[in-house]
Amino acid sequence: MSRPLFATLLFVTTISVALADDVDLSQCALCHGTNGNGNPAVRAPKISGLDAAYLRRQLEIFRAGWRGTHEADERGNEMRAVAASLTDDAAIDRAVAHVRSFEVRPPAPTVAGDVERGRTLYEQCAACHGARGEGNAAMQAPALANASDWYLLAQLRNYASGIRGTAEPEGPGTQMRAIALTLPDAQAASDVVAYINTLR
């Protein structure tokens, strides 16, 4: 058995035991870091500060197999396995409550780009995610300000390439794929994310 697969199975087993015993979910820190502030070394994004409804939906679509199914989405496949261990809505509620208890800390910026060009490109993003990147729970649009910028960049590329946003039914994921496909060139995603970094 490969080490990544063994680590994933160990993680899933630990999470399952924690949920079954109704104890804390501190094992989330194995990937997402202490207090959910992310771990770029294992490509795990910051999850602290995310809206409860968004967290719940992501766990639900991972569990349903609408996200994390593409063969190129290695981390998504791992999260799908973790979400599958959340066997009922109460388990998801406990996981969401645990993440929502984390202290929010802005991550260090890592993505460079043309901020002014990004500002213009972001105008279409603001319709859902807000002018200040604050998010909109009613539209199932997460906050972008203070997110892991490398993760935002990766997800824009995943949407554009079809790694994400093609498996789920019509909804936010398919809408995001359509938006990502409007970006005029490869540099545009970096420019948008560089602008989002100014919204902290």
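Trp 150 counts as buried in this predicted model, because its relative accessibility is 12%, below the cut-off of 20%.

## Aromatic pairs

How many aromatic pairs does the structure hold? There are two of them. In one, the rings of Tyr 122 and Tyr 195 have centres 5.5 Å apart and planes at 55 degrees, so this pair is tilted. Tyr 122 belongs to helix α6 (residues 115–129) and Tyr 195 to helix α9, so the pair ties together parts of the chain that are 73 residues apart in sequence. Both Tyr 122 and Tyr 195 are buried. The other pair, formed by Trp 150 and Tyr 151, is edge-to-face, with 6.0 Å from centre to centre and 85 degrees between the planes.

## The chain as a whole

The chain has nine helices and zero strands, so that, in the notation of secondary-structure elements read from the N terminus, the order is α-α-α-α-α-α-α-α-α. Of the 200 residues in the chain, 44% are buried. Among the contacts in the chain with a separation of 6 or more, 64% are accounted for by residues 24 or more positions apart.

## Helix α9 and its two partners

Helix α9 covers residues 186–196, and nine of its 11 residues are buried, so this helix is largely enclosed by the rest of the structure. The buried residues of α9 are Ala 188, Ala 189, Ser 190, Asp 191, Val 192, Val 193, Ala 194, Tyr 195 and Ile 196, and they pack against α6 and α7.

Two packed helices are described by the angle between their axes and the distance between the axes.

| Helix pair | Axes come within | Crossing angle |
|---|---|---|
| α6 and α9 | 7 Å | roughly 90 degrees |
| α7 and α9 | 9 Å | roughly 145 degrees |

The axes of α6 and α9 cross at roughly 90 degrees, which makes α6 roughly perpendicular to α9. On the α6 side of this contact stand Val 115, Arg 117, Gly 118, Arg 119, Leu 121, Tyr 122 and Cys 125, and these meet Gln 187, Ala 188, Asp 191, Val 192, Ala 194, Tyr 195 and Ile 196 in α9. Sorted by class, the contact of α6 with α9 has nine nonpolar, two polar and three charged residues. The tilted pair of Tyr 122 and Tyr 195 has both of its members among the residues listed for this contact.

The crossing of α7 and α9 is right-handed. Here Asp 149, Leu 152, Leu 153, Leu 156 and Arg 157 in α7 meet Ala 189, Ser 190, Val 193 and Ile 196 in α9. The residues of the contact of α7 with α9 divide into six nonpolar, one polar and two charged. Ile 196 is listed in the contact with α7 and also in the contact with α6.

## Buried polar and charged residues

Where does Lys 46 lie? Lys 46 is placed in the loop between α2 (29–32) and α3 (52–64), and it is buried, with a relative accessible area of 9%. Leaving aside neighbours within four places in sequence, Lys 46 is in contact with Gly 36, Asn 37, Gly 38, Val 104, Arg 105, Pro 107, Asn 146 and Ser 148. Lys 46 and Asn 35 are 11 residues apart in sequence, and their C-alpha atoms are 9.0 Å apart in space.

Asn 158 has its place in helix α7, and at 16% relative accessibility it counts as buried. Not counting residues up to four places away in sequence, Asn 158 touches Ile 163 and Arg 164.

Most residues other than glycine have a negative phi. Gln 140, although it is not a glycine, has a positive phi of about 60 degrees. Gln 140 is in the loop between α6 and α7 and is partly exposed, with a relative accessible area of 39%. Asn 146, in the loop between α6 and α7, has a phi near 70 degrees, a positive value in a residue other than glycine. Asn 146 is also one of the residues in contact with Lys 46.

Methods. Residues are numbered from 1 along each chain as its sequence is written. This is a predicted model: local features need pLDDT of at least 70, side-chain atom pairs count only at pLDDT 80 or more; totals for chains, interfaces and linings use all residues. Side-chain values use heavy atoms; hydrogens and water are left out. Axes are lines fitted to C-alpha atoms, for helices over the stretch in contact, and angles run from 0 to 180 degrees between N-to-C directions. Helices (H or I, at least four residues) and strands (E, at least two) are DSSP runs, numbered from the N terminus. A crossing is left-handed if the near helix is turned anticlockwise from the far one by less than a right angle, and right-handed if clockwise. Contact means heavy atoms within 4.5 Å. Ala, Val, Leu, Ile, Met, Phe, Trp, Tyr, Cys and Pro count as nonpolar, Asp, Glu, Lys and Arg as charged, and the others, Gly among them, as polar. Rings of Phe, Tyr and Trp (its six-membered ring) pair if their centres lie within 6.5 Å; planes under 30 degrees apart count as stacked, over 60 as edge-to-face and the rest as tilted. Buried means under 20% relative accessible area, exposed over 50%, partly exposed in between (1.4 Å probe, protein chains only). Angles under 35 degrees count as roughly parallel, over 145 as roughly antiparallel, 65 to 115 as roughly perpendicular and the rest as oblique.
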